[in-house]
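Colleague: I am new to this structure and would be grateful for a guided introduction. May I put a series of questions to you?

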Amino acid sequence: MADEQLNEKDLNVEETGAENVGARVLELEEQLAAAKDQSLRVAAEAQNSIRRAEQEVEKARKFALEKFSGDLLPVIDSLEMALAHLKPDDEQVKSTREGVELTLKMFQDTLKRYNLEAVDPHGQPFNPEHHQAMAMQENGEVEPNSVLNVFQKGYLLNGRLLRPAMVVVSKAPSAAQPSINEKA
């Protein structure tokens, strides 16, 4: 009988030990799953941080010249205005005109190399994202909301608006007002 009690105790100890081992295995598996999940989250966050840093560096590289480019635009405007006022058929200013034309072309070529492009929307539909309406003018010959005149060109730097084009926009003619003679 003593042997039977001993065997039952051994069985109970073995069962209790097996239950403890099973519970411990489940606990360790849960901890392992949590650690894997945390590891994946940390890796994903690291990837996102790297990607954000690369995007910020790219943006800084693309738009580093924004202020400098903006400061050059009045120079280009002045050269264009000078050309508009120098008569092409006047022999006295012919060499001056050629010099201004060459200087302006050099400026424009330099701007193109740095992805600065002019926005000259004459005749195009008005785009409030790239144009600033300075006035509206009735005109029955063109579609309403078309650009009739450009006071000042706009510029884009790598696709981002640097300066809007200042424009005059068309509007539909108002209904003809009857004259005083027609009322009588």
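This is a predicted model: local features need pLDDT of at least 70, side-chain atom pairs count only at pLDDT 80 or more; totals for chains, interfaces and linings use all residues.

Colleague: What percentage of the residues in the protein chain is buried?

Modeller: The protein chain exposes about 14,100 Å², and carbon and sulfur atoms supply 54% of that area. A residue counts as buried under 20% relative accessible area. Of the 184 residues in the protein chain, the buried part is 17%.

Colleague: Which residue in β6 is the bridge partner of Asn 149?

Modeller: Strand β6 covers residues 165–171 and runs antiparallel to β3, with four bridges joining the two. In β6, the bridge partner of Asn 149 is Val 168.

Colleague: What is the average twist from one strand to the next in the sheet of β1, β4 and β5?

Modeller: This open sheet of three strands has the order β1-β4-β5, with antiparallel pairing. Its edge strands are β1 and β5, each of which pairs on one side only. From one strand to the next, the twist averages 35°.

Colleague: Which residue in the turn of the hairpin of β4 and β5 has a positive phi?

Modeller: Strand β4 (residues 154–157) and strand β5 (residues 160–163) run antiparallel and are joined by three bridges. Across this pair, Leu 156 stands opposite Leu 161, and Leu 157 stands opposite Arg 160. The hairpin has two residues between its strands, and the turn residue with a positive phi, about 50°, is Asn 158.

Colleague: Which helix packs on the sheet of β1, β4 and β5?

Modeller: The helix in question touches β1, β4 and β5. Its direction makes about 50° with that of β5. The helix is α2.

Colleague: How many nonpolar residues are in the contact of α2 with α3?

Modeller: Helix α2 (residues 66–85) and helix α3 (residues 94–113) pack at an angle of about 145°, with their axes 10 Å apart. The residues that meet include Leu 72, Val 75 and Ile 76 in α2, and Val 100, Leu 104 and Phe 107 in α3. By class, the contact has two polar and three charged residues, while the number of nonpolar residues is 10.

Colleague: Is Arg 97 buried or exposed?

Modeller: Arg 97 is found in helix α3. Leaving aside residues up to four places away in sequence, Arg 97 touches Leu 83, Leu 86, Lys 87 and Pro 88. Because its relative accessibility is 17%, Arg 97 counts as buried.

Colleague: What is the relative accessible area of Leu 116?

Modeller: Leu 116 lies in strand β1 (residues 116–119). Among the residues it touches, not counting those up to four places away in sequence, are Ser 69, Leu 73, Tyr 155 and Leu 162. Leu 116 is buried, and its relative accessible area is 4%.

Colleague: In which loop is Asn 145 found?

Modeller: Asn 145 has a positive phi near 70° in a residue other than glycine. At 44% relative accessibility, Asn 145 counts as partly exposed. Its place is the loop between β2 and β3.

Colleague: What is the phi of Asn 115?

Modeller: Asn 115 is in the loop between α3 and β1. Asn 115 is partly exposed, with a relative accessible area of 45%. Although Asn 115 is not a glycine, its phi is positive, at about 60°.

Terms used:
Residues are numbered from 1 along each chain as its sequence is written. Side-chain values use heavy atoms; hydrogens and water are left out. Axes are lines fitted to C-alpha atoms, for helices over the stretch in contact, and angles run from 0 to 180 degrees between N-to-C directions. Contact means heavy atoms within 4.5 Å. Ala, Val, Leu, Ile, Met, Phe, Trp, Tyr, Cys and Pro count as nonpolar, Asp, Glu, Lys and Arg as charged, and the others, Gly among them, as polar. Buried means under 20% relative accessible area, exposed over 50%, partly exposed in between (1.4 Å probe, protein chains only). Accessible areas come from the Shrake-Rupley method with a 1.4 Å probe; for residues, only the protein chains shown count as cover. Two strands pair if DSSP finds at least two bridges between them.
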